[in-house]
Amino acid sequence: MQPRNMSMSGVVDLAAVKAAQEAKAKAEQARAKAAREGGAGAVSPADLVIDVDEATFESDVLQRSAEVPVVIDFWAEWCQPCKQLSPVLERLAVEYNGRFLLAKIDVDANQLLMQQFGIQGIPAVFAVVAGQALPLFQGAAGEEQIRQTLDQLVQVAEQRFGLTGLTVDPDAEAGAQTAPQVPVGPYDALLNAASQALDAGDLGGAVQAYKNVLADDPANPEAKLGLVQAELLQRVQGLDPQRVRKDAAEKPADVQAQFVAADLDLVGGHVEDAFGRLIDTVRRTAGEDRDAARLRLLELFEVVGPEDPRVTGARRALARALF
């Protein structure tokens with residue numbers, strides 16, 4: 001793995017295409033969805049700080065970075081500033097509640113990783129997001145500066161790659177097996193109406209019902225997921241698949257033609273084709289067209305589900321296309 005020499009400020013500039021509130025709502029949607037599904041894949045607070053070496057770097061850092069930003073703390077036993085910095089990072093990893101994973105690497109025992117990251121001195125802190133390395137800071141840093149950097153990192157991961165982090169189960173350490181409590185909110189009737197509209201083929205009615213919920217509760221996970229699904233079905237309704245695919249093949253530079261074909265691919269079960277088409281579009285385009293393709297791809301990720309391995313692979317491919 002060869003890290004890229006990349007500044008955090010540059011990534012933030014490129015990522016500033018969606019409001020921070022939208023990113024926060026998206027993160028909460030994924031967390032709430034995981035809770036409603038029984039906490040599947042939840043980790044304990046203790047799992048948010050891990051020791052990594054050269055043998056586990058691929059699985060514990062590169063692969064995990066497709067689902068959560070991984071902050072790397074390069075340290076050594078003899079390094080006094082490291083002994084001041086590391087406890088702060090460990091505490092913040094728990095405080096941020098799964099929005100990033102902290103990987104600790106002892107440079108004395110892992111010289112190759114230190115060389116690959118081009119580290120000249122420690123402590124040194126990097127992040128890996130969707131397989132891409134980002135230098136955060138080197139040397140001692142105050143907690144306020146660290147928090148600002150972590151906030152930027154989390155925002156970039158959410159906005160640019162749709163990474164919403166890990167679901168943390170505070171009872172996991174104690175081995176508690178309590179059933180998740182799903183609150184009954186005031187939107188049950190509207191959500192039921194949306195589902196009934198979908199079953200009846202009334203896609204416009206379903207879209208409106210989900211929007212009615214989101215007007216009062218913008219982060220409602222069931223409504224947000226239902227809306228993207230209903231809008232996808234609405235977009236492909238009445239299309240001529242043969243014509244759509246012909247247009248996409250003949251007009252590779254036509255972004256809208258690629259969008260329509262990707263929608264049909266996904267609805268038809270050709271998930272990898274849909275993702276690949278949009279990633280190719282991201283790679284070929286620039287400016288507003290490129291960002292529109294990225295956002296459409298993130299929307300299709302939501303439809304398929306963040307736990308699907310095809311989404312994980314596509315996130316890595318998207319990162320390569322963007323950088």
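In strand β3, the residue that forms the bridge partner of V49 is L102, and this pairing belongs to a predicted model, in which local features need pLDDT of at least 70, side-chain atom pairs count only at pLDDT 80 or more, and totals for chains, interfaces and linings use all residues. Residues are numbered from 1 along each chain as its sequence is written, and side-chain values use heavy atoms, with hydrogens and water left out.

Strand β1 (residues 49-51) pairs with β3 in the parallel sense over 3 bridges, where two strands pair if DSSP finds at least two bridges between them. Strand β2 (residues 70-75) likewise pairs with β3 in the parallel sense, over 6 bridges, and within this pairing F74 stands opposite I105 of β3. From β2 the chain passes through helix α4 (residues 80-95) to β3 in a β-α-β crossover that is right-handed, that is, with the strands pointing away from the viewer, the path from the first strand over the helix to the second runs clockwise. Strand β3 (residues 101-106) is itself mostly covered, with 5 of its 6 residues buried (under 20% relative accessible area, 1.4 Å probe, protein chains only).

Across the protein chain, the secondary structure comes to 14 helices and 5 strands (DSSP runs of H or I with at least four residues, and of E with at least two, numbered from the N terminus), and buried residues make up 46% of the 323 residues.

Helix α13 (residues 287-304) contains R294, which is buried, with a relative accessible area of 1%. A polar atom of the R294 side chain lies 3.4 Å from the backbone oxygen of R160.

Note on methods. Buried < 20%, exposed > 50% of the residue type's maximum accessible area, 1.4 Å probe, protein only. Polar contact = N/O pair within 3.5 Å; in protein donor to acceptor, adjacent residues only side chain to side chain.
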